[in-house]
Amino acid sequence: MGFAVSVGGRRVECAADQTLLDACLRAGVWMPNSCNQGTCGTCKLTVLSGEVDHGASPLDTLTEEERGAGLALACQARPVADVTVGGAPEGRTTHPLRDLTATVLEVSDIARDTRRVLLGLAEPLEFEAGQYVELVVPGSGARRQYSLANTADEDKVLELHVRRVPGGVATDGWLFAGLAAGDTVDATGPLGDFHLPPEAEDDGGPMALIGGGTGLAPLEGIARTALRRHPDRQVLLYHGVRGAADLYDLDRLGELGEEHPNFEFVPVLSDEPDPAYRGGFPTDAFVEDVGSARGWSGWLCGPPPMVEAGVKAFKRRRMAPRHIHREKFTPADAM
């Protein structure tokens, strides 16, 4: 049995065991989304009519008062009747969410506790640079999110950067414990709103991108896409890690700088000083380098404390809040 979801002028069929977000994204109807775990609140919307089951919505993300006021988390809520919801602009579409079966083409160690995983697809996946896919962890039913390092035209071989989490179900139990070329992987994608605006709306203005750890992955795709659109635009990409052993893709990003003189890649080490690199935090490095960021856009991806510090740094340099984009790597239980 299913129910109808009316949103943004569209009507979508939603199964009783399907979330509002999943149903809409599979139909190509956009809804705001980020973590899809119920922790960030990005997908919070108003139920205008009908009723939903809030499922596993955490109380610290969706309070009892908010539930009573008709709010819901689209990534957790399931309809129990036909519903009409607000929160999505009329007519806005997105790349349809798909279930994928991919073949592992390569697993390689690229830095301390960091691997590159290349997944081959039989059919191209439509997505925007900066989005992510969810992988199904075999034998556990757990799902884990990994950002794509690709540009949108690299649509048949997906590139993921994976950091090992000690004791993690996905990393210690699978991705760092036997995953090999030739294996098959079940995935879902694309997900997330962390991506450039459409090309027609991209004015080619200067950009600052700050990634912590494997938060570099989506920023690589975003930076390369931005420079392809406007080869002469100014782009500063900061990568914050603990030590030089955690750095990767230095050659790839160095080549990007040779192709685009206004692109600069800045590695920053926080815990293990090395005379070859800057020390401290990447957010502080940005403040040191840029006197004014009026007219710039900012892109932040990584652990929540780094993202929050980045927002403050961008605002300190007078970047307009509406031009600050962020993707927090929120921890999942038993990673």
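Analyst: The account below takes the helix contacts in turn and then the backbone and loop residues.

The model is predicted, so local features need pLDDT of at least 70 and side-chain atom pairs count only at pLDDT 80 or more, while totals for chains, interfaces and linings use all residues. Residues are numbered from 1 along each chain as its sequence is written, and side-chain values use heavy atoms, with hydrogens and water left out.

Helices (H or I, at least four residues) and strands (E, at least two) are DSSP runs numbered from the N terminus. Helix 4 covers residues 216–229. Its 14 residues reach 20 Å from the first C-alpha to the last, close to the 20 Å expected at 1.5 Å a residue; the expected span is 1.5 Å times one less than the number of residues. Helix 4 is mostly covered, with 13 of its 14 residues buried. Here buried means under 20% relative accessible area, exposed means over 50%, and partly exposed lies in between (1.4 Å probe, protein chains only).

Helix 4 packs against helix 5 at an angle of about 20°, with the two axes 12 Å apart. Axes are lines fitted to C-alpha atoms, for helices over the stretch in contact, and angles run from 0 to 180 degrees between N-to-C directions. Helix 4 and helix 5 are therefore roughly parallel to each other; angles under 35 degrees count as roughly parallel, over 145 as roughly antiparallel, 65 to 115 as roughly perpendicular and the rest as oblique. Helix 4 passes helix 5 in a left-handed crossing, that is, one in which the near helix is turned anticlockwise from the far one by less than a right angle. On the helix 4 side, Leu216, Glu220, Arg224 and Leu227 meet Arg252, Leu253 and Leu256 of helix 5, where contact means heavy atoms within 4.5 Å. By class, this contact of helix 4 with helix 5 holds 4 nonpolar, no polar and 3 charged residues. In this scheme Ala, Val, Leu, Ile, Met, Phe, Trp, Tyr, Cys and Pro count as nonpolar, Asp, Glu, Lys and Arg as charged, and the others, Gly among them, as polar.

A second pairing joins helix 6 (residues 282–289) to helix 7 (residues 304–316), whose axes come within 9 Å and cross at roughly 10°. That angle makes helix 6 roughly parallel to helix 7. Thr283, Phe286 and Val287 of helix 6 make the contact with Met306, Ala309, Gly310, Ala313, Phe314 and Arg316 of helix 7. The residues of this contact of helix 6 with helix 7 divide into 6 nonpolar, 2 polar and 1 charged. Within helix 6, Pro282, Thr283, Ala285, Phe286 and Val287 are buried. The cover over the buried residues of helix 6 includes helix 7 together with strand 14 (207–212), strand 15 (235–241), strand 16 (263–269) and strand 17 (278–279).

Turning to the backbone, most residues other than glycine have a negative phi, and most peptide bonds are trans. Asp249, in the loop between strand 15 and helix 5 (250–259), has a positive phi near 60°. Asp249 is buried, with a relative accessible area of 11%. Asp113 also has a positive phi, near 55°, and is placed in the loop between strand 8 (98–111) and strand 9 (114–120). At 35% relative accessibility, Asp113 counts as partly exposed. The peptide bond from Gly189 to Pro190 is cis, with omega near 0°, and Pro190 is in strand 13 (residues 184–191).

Two further loop residues complete the account. Leu148 lies between strand 11 (143–147) and strand 12 (157–163) and is buried, at 0% relative accessibility. Leaving aside neighbours within four places in sequence, the contacts of Leu148 include Phe127, Tyr132, Leu160, Ala217 and Pro218. Leu148 and Thr214 are 66 residues apart in sequence and 10 Å apart in space, C-alpha to C-alpha.

Ser270 lies in the loop between strand 16 and strand 17 and is partly exposed, with a relative accessible area of 30%. Not counting residues up to four places away in sequence, Ser270 touches Val241, Arg242, Gly280 and Phe281. The C-alpha atoms of Ser270 and Phe281 are separated by 5.6 Å, with the two residues 11 apart along the chain.
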